[in-house]
Amino acid sequence: MPLVRIDALPVHDDATLTALGDAVHEAMTETIDVPRDDFFQIVTRSDGHLRYDPGYLGIRRDDGVVFVSITMRVGRTYAQKKALYARIAELASERAGIEPRNVFVSVTENQPVDWSFGEGVAQYLG
């Protein structure tokens, strides 16, 4: 169960951010075996308080940058994660018009005990 958070600057409109969210979800279903109905996202547009280095690691970023943070259970391989990053950048470009150089992805992994989907229950623990 990934929880996706997308943060962007105001240069991106609602349609672009919706397309980006859909692109991220599709990339996850294709590369890390996330079920289609496992869809949980928080999408926010900042009023300009997102800060970034425009040239870190030789990548030329601008205010079109988007931050995609994915929290998910541990267990994906390095190859799956690399495929995920590449597919997110590819679909973000195709579907949302966001240049791959402006797609920043971070993954945080945790354990089944770290999730409650409601009712105060850790559903993954049975």
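Which residues make a nonpolar surface patch of about 380 Å²?

**View 1. The nonpolar surface patch.** L3, F40, I42, F117 and Y124 make this patch of about 380 Å². Patches consist of residues with over 30% relative accessible area and no salt bridge, with like charges joined within 9 Å and nonpolar side chains (Val, Leu, Ile, Met, Phe, Trp, Tyr) within 5 Å. A salt bridge is a side-chain nitrogen of Lys or Arg within 4 Å of a carboxyl oxygen of Asp or Glu. The model is predicted: local features need pLDDT of at least 70, side-chain atom pairs count only at pLDDT 80 or more, and totals for chains, interfaces and linings use all residues. Residues are numbered from 1 along each chain as its sequence is written, and side-chain values use heavy atoms, leaving out hydrogens and water.

**View 2. Residue Y124.** Y124 lies in the segment after β4 (103-110). Y124 is partly exposed, with a relative accessible area of 31%; buried means under 20%, exposed over 50%, and partly exposed in between (1.4 Å probe, protein chains only).

**View 3. The order of helices and strands.** The protein has two helices and four strands, which are DSSP runs numbered from the N terminus (helices: H or I, at least four residues; strands: E, at least two). Along the sequence, their pattern is β-α-β-β-α-β.

**View 4. Burial and extent.** Of the 126 residues in the protein, 38% are buried. The C-alpha trace spans about 45 × 30 × 25 Å along its principal axes.

How values were computed. Areas by Shrake-Rupley, 256 points an atom, 1.4 Å probe, with all protein chains shown as cover.
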